[in-house]
Amino acid sequence: MAGMEQEMLRFFLFDMVLPLLLVAVAAYLCGCFNGAVIVSKYILRDDIRTHGSGNAGLTNFFRTFGGPLTFVVILTDVLKAVVAVWVGVLTVQYWGGGTIWAQEEIAFEIVKYWSGLFCLLGHMFPCMFGFRGGKGILSGGTVAFLLDWRLALLSLLFTPFSYVC
């Protein structure tokens, strides 16, 4: 009986908890790459968080600096969400052949939500920039489109424009 308990513990820790922990860390670190802070600090040599609303987001960046570098910020925020979800799915897909992650379709959906959540947490509270990030509107919208594009379009209809700005 002790052998069966050890096998179940190993299954729970190694096959279920460890992949979720790795996905959470990878997605959080992807979310930490805040496009507005990176472009303003390292390309324009000025910190976006010292201007306008003080928020490290796309809207404040556009209002403060405008111009073509806004598209770099958009691209950064969209790509980091895509990479976070993609890395999460690949991690559990290749984690093990006989585990629950490789067999269940619902597991992929769980991992998409999990990695999207930690990507947004990384965007809003990035450890690289003193836990002062953006509101997560663009990254959250990208994650929503990756999860279910129909619900994302529906949410766009009912989201007040003033909240986004």
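What share of the 165 residues in the protein is buried? I get 35% of them, taking buried as under 20% relative accessible area, exposed as over 50% and partly exposed as in between, with a 1.4 Å probe and protein chains only.

Ground rules, before I go on. This is a predicted model, so I keep in mind that local features need pLDDT of at least 70 and side-chain atom pairs count only at pLDDT 80 or more, while totals for chains, interfaces and linings use all residues. Residues are numbered from 1 along each chain as its sequence is written, and side-chain values use heavy atoms, with hydrogens and water left out.

**Overall layout.** I looked up the elements and found nine helices and zero strands. I took helices as DSSP runs of H or I with at least four residues, and strands as runs of E with at least two, numbered from the N terminus. For contacts I used heavy atoms within 4.5 Å. Of the contacts with a separation of 6 or more, 62% are between residues 24 or more positions apart.

**Surface.** The accessible surface comes to about 9600 Å², by the Shrake-Rupley method with a 1.4 Å probe; for residues, only the protein chains shown count as cover. Carbon and sulfur atoms hold 73% of that surface.

**Aromatic pairs.** I counted rings of Phe, Tyr and Trp (its six-membered ring) as paired if their centres lie within 6.5 Å, with planes under 30 degrees apart called stacked, over 60 edge-to-face and the rest tilted. That gives two aromatic pairs. Phe61 and Phe65 make a tilted one, at 5.1 Å centre to centre and 55° between the planes. Phe61 is buried at 0% relative accessible area, whereas Phe65 is partly exposed at 27%. For Trp114 and Phe118 I noted centres 4.9 Å apart and planes at 55°, so this pair is tilted. Both Trp114 and Phe118 sit in helix 6 (residues 105–124), four residues apart, about one turn of the helix. Trp114 is partly exposed, at 30% relative accessibility.

**Ser139.** Next I checked Ser139, which is in helix 7 (residues 137–147). Is Ser139 buried or exposed? Ser139 counts as buried, because its relative accessibility is 1%. A polar atom of the Ser139 side chain lies 3.3 Å from the backbone oxygen of Asp77. Leaving out neighbours within four places in sequence, I listed the contacts of Ser139 as Asp77, Lys80, Ala81, Leu120 and His123.

Notes. A polar contact is a pair of N or O atoms within 3.5 Å; within protein, one must be able to donate a hydrogen and the other to accept it, and residues adjacent in sequence count only if both atoms are side-chain atoms.
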